[in-house]
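Have the model open beside you as you go.

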Amino acid sequence: MLNVVRVHLPSDIPIVGCELTPYVLHRRPDKNISTDDVSESAALGGQFLRYRWYRLQSDKKVAVCSVHPSEQATLQCLGCVKAKIPAFKSYHCTTKCFSDSWQHHRVLHDRAASAMNENSNEEEELFGRHNNNNNAAPGAINPSSSSMLNGSTTLYPAAVTQKTGVETWLEVGRCKSYTPTAEDIGHVLKFECAVVDVETMLSVASPLTVSTSRVIPAPSPTPRHLIPVNGVDTMGKMDLDGRVPSSGTFTVLSYNILADVYATSETFSYCPSWALSWPYRRQNLLREIVGYRADIICLQEVQSDHFLEFFAPELDKHGYQALYKRKTNEVYNGNIQTIDGCATFFRRDRFAHVKKYEVEFNKAAQSLTDPATILTAQKRNALNRLIKDDVALIVVLESKFSTPTVDNPGKRQLVCVANTHINGNQDLKDVKLWQVHTLLKGLEKIAVSADIPMLVCGDFNSVPGSAPHHLLARGKVEPTHPDLAVDSLNLCQPHSKLSHQLPLVSAYSYFAIKGVGNGSDKQRKRLDPTTNEPLFTNCTRDFIGTLDYIFYTADTLTVESLLELLDEESLRKDTALPSPIWSSDHTALLAEFRCKSRSRR
């Protein structure tokens, strides 16, 4: 007969919007152990597995903090109650929590008031909920006043039937997987697996169950604003969810999302296990990425299975077309489905796909040798040193929004976008430099064949001032650069070849070069004054620094605005990255560009 041996959950902390899929181990009639489903239509020996999900309804009302979801709430904002804002957004664990979050929490009130004035429906959940500013704004609800309701107040609708002293379980799902909703917040969930007889439809034995802790709402990132840097406040300092694309401009996002295969508890022991799990992180990452509303998205560390099963279909729902380049597997010896790569997405209503180039640095390394010749020991060592499976994805897009200029009537507006992830081994400075140089030489060939704006995005695993950064930002590397000392196999010889002709500029340097008012002064303090690059784009317990960049050709593009940088002090106040708020160890970069008018040549 069919027999359930064990059931358990990957995480006992359920989060709203994050699918729960239990692990069910059963013994089949042939005595084999399996985790495969046994449905009613494919019963074994006249038996199948039936799944049920239940929510515990009890007299004890528990709410969780909207800012720190692992903490039980003790305060509720009366302003939210009066404005009919969803209850779970109104709870706070302490008076300090409420005071600290007031600057962004009040936006909920403002939007609710605006919605009432316009007789419109309540807006979607605000993308971001708190910051770390301890100065309560005028008009904030005094946490110590009677305007705050404590945790003993009724926190859930009275319509829920409850029995004193008796547990009441409400059925909420009949599939193996279940995605908690806002109605589940504060409640315990229970999964039940039973072996059922096909004929009688009755359980043949006591079902196995597993319960969760109380459901918590998904934490939301601190709002990040788009800051104008051209001296003209065309959009104002506004949230991205309220942004309307300016005529003739487009936005580009670059983000290393931290592949699940690298997100181990050993590496990131400071991050709660539930926040490190892929079911949680993928939903949190998707919310963040979609919230930026970028026209072009360049992601790194996207596993091939996650691209096919999650990101491509999910972003397709939001109007994006997807392109992908998986890393090669000459060095990697794990599951081929978990190999990561670079994924580029673009909005179908803003761009059309023209051409795609795939750069495999392994192939580029092999092309350096003549296959008909016998390799010397030095060349063989050099080749082995360069074989690292890293790749780049280059796409040429045609804009659908540009207006033909007088000097170039009818000319197609193309843009070339390179998305790459350079090798991360800090001992391979020569390999990093060689990979960047190889990519730039490929882009130069495209530039020669077409007069086209170029963007070079990605995780370059190179700090500002390093040789790869100098090559990108300055167009060359000086022979005396200290990184060139690490070149025992002469991979970067002669030094004179380490140059290119693309007029590349780092987008975020615009905060230092052109930023005027509208928040640019504050952003300049988050730049390294010696390199004009962000102080960090990667923040863990072991490392903090900048590894990610968006470069553009300054003769064809101009920067209009930039996504504000995160503040190191607030980011590391509670934890490093990843965290329950931010689901990658990297931060996202986003820039808005405008194509320059080019005279006919």
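1. Let's begin with Cys97, which sits in helix H2 (residues 95–117). Its relative accessibility is 4%, under the 20% cut-off, so Cys97 counts as buried. Bear in mind throughout that this is a predicted model. Setting aside residues up to four places away in sequence, Cys97 touches Cys65, Val67, His68 and His92. Leu75 is 22 residues from Cys97 in sequence, and their C-alpha atoms are 9.6 Å apart in space.

2. Next, have a look at how helix H4 (residues 278–292) meets helix H5 (residues 304–316): they pack at an angle of about 35 degrees, and their axes are 11 Å apart. The crossing of H4 and H5 is right-handed. On the H4 side, the contact is made by Trp278, Arg282, Gln283, Leu286, Ile289 and Val290, while H5 brings His306, Phe310, Phe311, Glu314 and Leu315. By type, the residues of this H4–H5 contact divide into seven nonpolar, two polar and two charged.

3. Leaving out neighbours within four places in sequence, the contacts of Asp305 are Phe310, Gln337 and Thr338.

4. Now for some backbone geometry. Most residues other than glycine have a negative phi, and most peptide bonds are trans. The peptide bond from Gln493 to Pro494 is cis, with omega near -10 degrees, and Pro494 lies in the loop between helix H9 (467–474) and strand E21 (504–506). The bond from Leu577 to Pro578 is cis too, with omega near -5 degrees; Pro578 is in the loop between helix H12 (568–571) and strand E28 (589–595).

5. Finally, positive phi values. Met201 has phi near 60 degrees and lies in the loop between strand E9 (188–197) and strand E10 (208–214). Asp389 has phi near 75 degrees, in the loop between helix H7 (377–386) and strand E18 (391–399). Are these residues buried or partly exposed? Met201 counts as partly exposed because its relative accessibility is 38%, whereas Asp389 is buried, with a relative accessible area of 3%.

Technical notes
Residues numbered from 1 in each chain as written. Predicted model: local features only at pLDDT ≥ 70, side-chain atom pairs only at ≥ 80, totals over all residues. Heavy atoms only, no water. Axes fitted to C-alpha atoms, helices over the stretch in contact; angles between N-to-C directions. Helix = DSSP H or I, 4+ residues; strand = E, 2+ residues; numbered from the N terminus. Left-handed = near helix turned anticlockwise from the far one by under 90°. Contact = heavy atoms within 4.5 Å. Nonpolar A, V, L, I, M, F, W, Y, C, P; charged D, E, K, R; others polar. Buried < 20%, exposed > 50% of the residue type's maximum accessible area, 1.4 Å probe, protein only.
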